[in-house]
Amino acid sequence: MVQPLLPMEIFFWDTKGNVTLNGKIIATSGTIGDIEIYEDHIGTTSTPNSSGSGQWAGLSIYKDFFKVGGSKGYVMFGNDVIPASTGGAFTAVGRIVNQAPNTSGGYGYDQANYGLFIEVTGGTKNYGISSNAALKAPSFINTKAALLTFDSGNYTIDFSQFNVILMYFNDPNYDVVEVTLPNESSVARQFGVNNLPTDFATVITFRVRSYSKDIILKNIYDHNENMIDYRMVKGDSIIVLISKIDGFRYQILNHSH
């Protein structure tokens, strides 16, 4: 037989003002610190698809919507958080807004605001975003390049970390070096998968440094679908598509001399 709890065991208030409660709390009003409790939410009253800065200070928790932020910026997640004024036949479950005035930088410098700053560490390879859908933006800025030096014949390059490859060769015993690009399994490992999906594609720019000797990239498909060994001299650039949709291949998209 289960013994009922004594009143002191259900609710206990010590001399320091600390309360111990064993049971369920049902609250439709009141405050937790300076956060207000309402019948259908906790915190600031707001809606997922409204706009304006005045309502965003504080925290809002609904059963199907969450928002936190201040008057300069906020983050929200819920069923649909697109502003009603946007229009269009689309929805979103996440929304980040940064509207902080930022004009106090040094003379001659632009002041940048970020909507999302991601820091990922701890892996042998780290990615900021992984998505099974296309990423949409007015522009995509790449800020990483790798210098690839050919000396003893061995080289390493990771296409998942760099999309601009600056190449250099200057062995005094040879006038040219032949380079075999990574095979499919090697590229798959670079992107952290066992096998590349059939719709895999990425675009890489190769450029030969101005003080380099000639470099030959082997087994690249040209504009006429012929597999060739493409010889590059100093100052040459080539844009290459790596894809698998019609079999794994390197395909020339554009080149300059």
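A nonpolar core, as I use the term, is a set of buried Ala, Val, Leu, Ile, Met, Phe, Trp, Tyr and Cys residues joined through side-chain atoms within 4.5 Å, where buried means under 20% relative accessible area, exposed over 50%, and partly exposed in between, with a 1.4 Å probe and protein chains only. What we have here is a predicted model, in which local features need pLDDT of at least 70 and side-chain atom pairs count only at pLDDT 80 or more, whereas totals for chains, interfaces and linings use all residues. Residues are numbered from 1 along each chain as its sequence is written, and side-chain values use heavy atoms, with hydrogens and water left out.

The largest nonpolar core has 28 residues, of which Met167, Phe206, Ile215 and Leu217 touch the most other members. Beyond residues up to four places away in sequence, Ile215 is in contact (heavy atoms within 4.5 Å) with residues including Phe150, Met167, Val208 and Met232. There is also a second, separate core of 8 residues, with Tyr62, Tyr74, Val81 and Ala92 among them.

Let me turn to the strands, which are DSSP runs of at least two residues, numbered from the N terminus. In a regular strand the side chains alternate between the two faces of the sheet. Strand E8, residues 73–78, runs antiparallel to E9 and is joined to it by 5 bridges, pairing being assigned when DSSP finds at least two; Gly73 has Asn98 as its bridge partner in E9.

Finally, Ser243 lies in strand E16, residues 237–243, and counts as buried because its relative accessible area is 5%.

Definitions and conventions
Helices (H or I, at least four residues) and strands (E, at least two) are DSSP runs, numbered from the N terminus.
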